[in-house]
Amino acid sequence: MLLRLAERRSVPAGEAVLDCSLPANTLVMLLSGDVVLGSRAPEGGLRTERSVTGPAWLDASAAWLGEPYAMEAQALSDVVIVELPLERLKAQLSSYPALLQRLCVNLAQRVHELTVASRNLLHNDAPARFAQWLLQRCPSDAEACELRLQERKRDIAQQLAMTPETLSRLMRSFESRGVIEVHGYQLRIHDLAALRHLAGQAGCSTR
């Protein structure tokens, strides 16, 4: 059913992915590629808030509210987008209760992620914010994790409300403790338990 409803389109690297000028009428998924989301700064640049690698939802809420997409999105690489027209989807949900449940779980997960991110920015110091940011990108049951940073370091620093210099110092500090290892944009986390301790989450799940 979803395949019948899905409308695919390709967006080249550097181009806008979402039209934020009008109320949304589709749920939008990133099928493949990398996208950065954020808000437009007064000087015209995109202030990044998070990055997404497909497959993942880009926005599954705005259409339900009849509001424009809350964040702008820009393709970091060539991407494939899938759009599900809300009215056509709603007409099918009574016949697919499992899908309705999955959509509700997805929205609940996003609310939870936003709550954690907000608390992280409001109450945690810079090392804890960076540690939490790393933990959110690792499987919760892993003992080690390898990441490829898709954004520039200054964009990551912007997401974490710190300067690029502070982020660089934190990376060196975490490396000196043996928690992480950084080679360019490739980052390996050696000690997730220590990272949870730095995030102030010792004994707690990151998800």
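**Salt bridges and a sheet**

Mentor: Arg 9 and Glu 83 form a salt bridge, with their closest N and O atoms 3.4 Å apart; the term requires a side-chain nitrogen of Lys or Arg within 4 Å of a carboxyl oxygen of Asp or Glu. The model is predicted, so local features need pLDDT of at least 70 and side-chain atom pairs pLDDT 80 or more, while totals for chains, interfaces and linings use all residues. Residues are numbered from 1 along each chain as its sequence is written, and side-chain values use heavy atoms, leaving out hydrogens and water.

Trainee: Which parts does the pair Arg 9 and Glu 83 tie together?
Mentor: Arg 9 lies in strand E1 (residues 7-11) and Glu 83 in strand E7 (residues 79-85), so parts 74 residues apart in sequence are tied together. Strands are DSSP runs of E with at least two residues, and helices are runs of H or I with at least four, numbered from the N terminus.

Trainee: Is Glu 83 buried or exposed?
Mentor: Glu 83 is buried, at 16% relative accessible area, whereas Arg 9 is partly exposed at 29%. Buried means under 20%, exposed over 50%, and partly exposed in between (1.4 Å probe, protein chains only).

Trainee: How many salt bridges are found in the whole structure?
Mentor: The search finds seven, including Arg 40 with Glu 72 at 2.8 Å, N to O.

Trainee: Changing topic, in what order do the three strands of the open sheet stand?
Mentor: The order is E8-E10-E9, with antiparallel pairing; strands pair if DSSP finds at least two bridges between them.
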